[in-house]
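This report goes through one protein chain, from its overall make-up to individual residues. Please keep the sequence and the model at hand while reading.

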Amino acid sequence: MKKSHSLIALGAGVMIALSCGVLLANWRMAEAAGGEVRFARPDYAVARPAGSAAIDLQKYGVLGDVKRLAGLSKNLEACRDALAAAGVDFTIAPAEHDGACGYDEAVVVDASLSDWKAPDAMPMTCDLAAKMHLWERHVVIPAAEKYLGSPVKEIKAFGSFQCRRVAGHDRLSEHAFAKAADIAGFVLEDGREISVLKDFRNKGAKGDFLREVHDRACGLFDVTLGPDYNADHANHFHLDVGGQYSCR
Ligand SMILES: [Zn+2]
């Protein structure tokens, strides 16, 4: 029996009882074949072999693959399969409608490469979750290692779904449809915290990290807004998949 299977069989009950914090402790560094250090998920939630999903989120090349990225929003089944194949644990959220706000489909990510922490659960459309995972995997984690020399433990968010209008406008925000997430900062494995509010204008490594992950989010999300846009965004990055384009 493979180790992953025996772990599931013997420890399923125990795992259900484990908190996210304990799950995080199971994250570990692993040496890839080429000696390159990579992040491995716990044995009980391994990603399938690369290439086993129609849209392979494990491959860096997906970042520039316009057709496949569009497929995430056009084909719900392919999107969910892509998330699962990449080793992301998620639950499907029931449809939610509140006047003009709401969504028919959304997922709540329970475990990705790092812990997506927010005050409340974050239901988000599958394409938003998949792009968040791509951003985390191929942009945020490598940038943290490059500039700060540490893996990322947490992505701190304010939230995703909220029935509200765009500040100063009549139209509803993409948050009203679970198509947007607000990212406040990051916590590294070594305990350091990086805050959009405090560090975006930092001249050193923390600022370089934040500016790079902001700029490269523009290539993935439809709208990326940060402190350079306006005072409403001084403390977070707004990332959305609403179909308009803006990078500020
Ligand atoms: Zn926002």
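## Basis of the report

This is a predicted model, in which local features need pLDDT of at least 70, side-chain atom pairs count only at pLDDT 80 or more, and totals for chains, interfaces and linings use all residues. Residues are numbered from 1 along each chain as its sequence is written.

## Overall make-up

The chain holds seven helices and 13 strands. Helices (H or I, at least four residues) and strands (E, at least two) are DSSP runs, numbered from the N terminus. Of its 248 residues, 34% count as buried. A residue is buried if 20 or more other C-beta atoms lie within 10 Å of its own, exposed if 12 or fewer, and partly exposed in between, with C-beta atoms placed from the backbone.

Two residues are in contact if their C-beta atoms, placed from the backbone, lie within 7 Å. Among contacts in the chain with a separation of 6 or more, 57% join residues 24 or more positions apart.

## The nonpolar core

The largest nonpolar core has 55 residues, and those touching the most other members are Ala-82, Leu-83, Met-124, Ala-129, Ala-130, Val-140 and Ala-181. Such a core is a set of buried Ala, Val, Leu, Ile, Met, Phe, Trp, Tyr and Cys residues joined through C-beta atoms within 7 Å. At least two residues of this core come from each of helix H4 (76-85), strand E6 (106-111), H5, strand E8 (152-159), strand E9 (180-188), helix H7 (205-217), strand E11 (223-225) and strand E12 (237-240). H5 gives the largest share, eleven residues.

Leaving aside neighbours within four places in sequence, Ala-181 is in contact with Met-122, Met-124, Leu-128, Met-132, Ala-157, Ser-160 and Leu-239.

Helix H5 spans residues 126-148 and bends by about 40° at Glu-136. The bend is the angle between axes fitted to the seven residues ending at a position and the seven starting there. After H5 comes Gly-149, with a positive phi near 65°. In H4, the buried residues are Cys-79, Arg-80, Ala-82, Leu-83 and Ala-85. Their cover includes H3, strand E3 (89-93) and H5. H4 is followed by Gly-87, which has a positive phi near 90°.

How do the axes of H4 and H5 cross? They come within 9 Å and cross at roughly 35°. Axes are lines fitted to C-alpha atoms, for helices over the stretch in contact, and angles run from 0 to 180 degrees between N-to-C directions. The crossing is left-handed, a term for a near helix turned anticlockwise from the far one by less than a right angle (right-handed if clockwise). On the H4 side, Leu-76, Cys-79, Arg-80, Ala-82 and Leu-83 meet Cys-126, Asp-127, Ala-129, Ala-130 and His-133 of H5. The residues of this contact divide into seven nonpolar, one polar and two charged. Here Ala, Val, Leu, Ile, Met, Phe, Trp, Tyr, Cys and Pro count as nonpolar, Asp, Glu, Lys and Arg as charged, and the others, Gly among them, as polar.

## The loop between E8 and E9

Ala-178 is found in the loop between E8 and E9. Its phi is near 65°, a positive value in a residue other than glycine. Ala-178 is buried because 27 other C-beta atoms lie within 10 Å.

His-175 is in the loop between E8 and E9 as well. With 24 C-beta neighbours inside 10 Å, His-175 counts as buried. His-175 and Phe-161 are 14 residues apart in sequence, with 4.9 Å between their C-alpha atoms. Not counting residues up to four places away in sequence, His-175 touches Ser-160, Phe-161, Gln-162, Arg-164 and Ala-180.

## Partly exposed positions

Is Leu-63 buried or partly exposed? Leu-63 is partly exposed, because 18 other C-beta atoms lie within 10 Å. Leu-63 sits in the loop between strand E2 (37-40) and helix H3 (66-74). Leaving aside neighbours within four places in sequence, its contacts are Leu-134, His-138, Gly-219 and Leu-220.

Glu-189 lies in the loop between E9 and strand E10 (193-195). With 16 C-beta neighbours inside 10 Å, Glu-189 counts as partly exposed.
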